[in-house]
Amino acid sequence: MEISGIISAIVIGIVIGVLGRLVVPGRQKIGILWTIAVGILAAFAGSALANALGVKDTNGIDWIEWLIQIGLAAIGVLAVVKLKTGNRSSTRR
């Protein structure tokens with residue numbers, strides 16, 4: 001992968017991560033770095049899943065791939081929030 005591909009993956013990951021956070025209702029107490037990391041992972045995993053389903057390359061904008069990526073980012077944001085708050089709630093007793 002070339003440097004331009006890595007940079008574009010990071011930029012797309014940021015967008016996907018932010019959109020994933022917007023989909024999740026309520027306030028998420030995670031930082032921007034977690035959002036970016038979740039977005040990048042969701043972008044790669046969503047692309048692989050879209051490729052496996054045969055919807056990766058379509059005419060025009062790949063809306064189905066974007067929806068898969070955003071859905072995975074929302075799931076990732078929820079998982080990070082659960083991991084971060086799950087540990088705190090068990091120590092408050």
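Val24 touches Ala74, Val77 and Leu78, leaving aside residues up to four places away in sequence; contact here means heavy atoms within 4.5 Å. The model is a predicted one, in which local features need pLDDT of at least 70 and side-chain atom pairs count only at pLDDT 80 or more, while totals for chains, interfaces and linings use all residues. Residues are numbered from 1 along each chain as its sequence is written, and side-chain values use heavy atoms, with hydrogens and water left out.

Val24 is also one of the twelve residues of the largest nonpolar core. Such a core is a set of buried Ala, Val, Leu, Ile, Met, Phe, Trp, Tyr and Cys residues joined through side-chain atoms within 4.5 Å. Buried stands for under 20% relative accessible area, exposed for over 50%, and partly exposed for what lies in between, with a 1.4 Å probe and protein chains only. Besides Val24, the core holds Ile16, Ile30, Val38, Ala42, Ala43, Ile70, Ala73, Ala74, Val77, Val80 and Val81. Helix H2 and helix H3 (63-91) each supply at least two residues of this core, and the largest share, six residues, comes from H3.

The overall layout can be set out next. The protein has three helices and zero strands, and its elements run α-α-α from the N terminus on. Helices (H or I, at least four residues) and strands (E, at least two) are DSSP runs, numbered from the N terminus. Taken along the principal axes, the C-alpha atoms fill a box of roughly 55 × 25 × 20 Å. Of the 93 residues, 30% are buried. The accessible surface comes to about 6,400 Å², and 68% of that surface belongs to carbon and sulfur atoms. Accessible areas come from the Shrake-Rupley method with a 1.4 Å probe, and for residues only the protein chains shown count as cover. Among contacts between residues at least 6 apart in sequence, 66% join residues at least 24 apart.

Two packed helices are described by the angle between their axes and the distance between the axes. For helix H1 (residues 3-23) and helix H2 (residues 32-53), the axes come within 7 Å and cross at roughly 105°. That makes H1 roughly perpendicular to H2. The axes are lines fitted to C-alpha atoms, for helices over the stretch in contact, and angles run from 0 to 180 degrees between N-to-C directions. Angles under 35 degrees count as roughly parallel, over 145 as roughly antiparallel, 65 to 115 as roughly perpendicular and the rest as oblique.

On the H1 side of this contact are Ala9, Ile10, Ile12, Gly13, Ile14, Ile16, Gly17, Val18 and Arg21, and they meet Thr35, Ile36, Gly39, Ile40, Ala42, Ala43 and Phe44 in H2. By class, the residues of the contact divide into eleven nonpolar, four polar and one charged. Ala, Val, Leu, Ile, Met, Phe, Trp, Tyr, Cys and Pro count as nonpolar, Asp, Glu, Lys and Arg as charged, and the others, Gly among them, as polar.

Two residues of this contact can be followed further. Thr35 is found in helix H2 and counts as buried because its relative accessibility is 1%. Ile10, in helix H1, is partly exposed, with a relative accessible area of 37%. Between Ile10 and Ile36, 26 residues apart in sequence, the C-alpha to C-alpha distance is 7.8 Å.

Some further pairs link other parts of the chain. Arg27 sits in the loop between H1 and H2 and is exposed, at a relative accessible area of 72%. Lys84 belongs to helix H3 and counts as partly exposed at 27% relative accessibility. Leaving out residues up to four places away in sequence, Lys84 touches Lys29, Ile30 and Trp34. The C-alpha atoms of Lys84 and Lys29, 55 residues apart along the chain, are 8.3 Å from each other. In helix H2, Ala45 is partly exposed, with a relative accessible area of 38%. Ala45 and Ala73 lie 28 residues apart in sequence and 9.6 Å apart in space, C-alpha to C-alpha.
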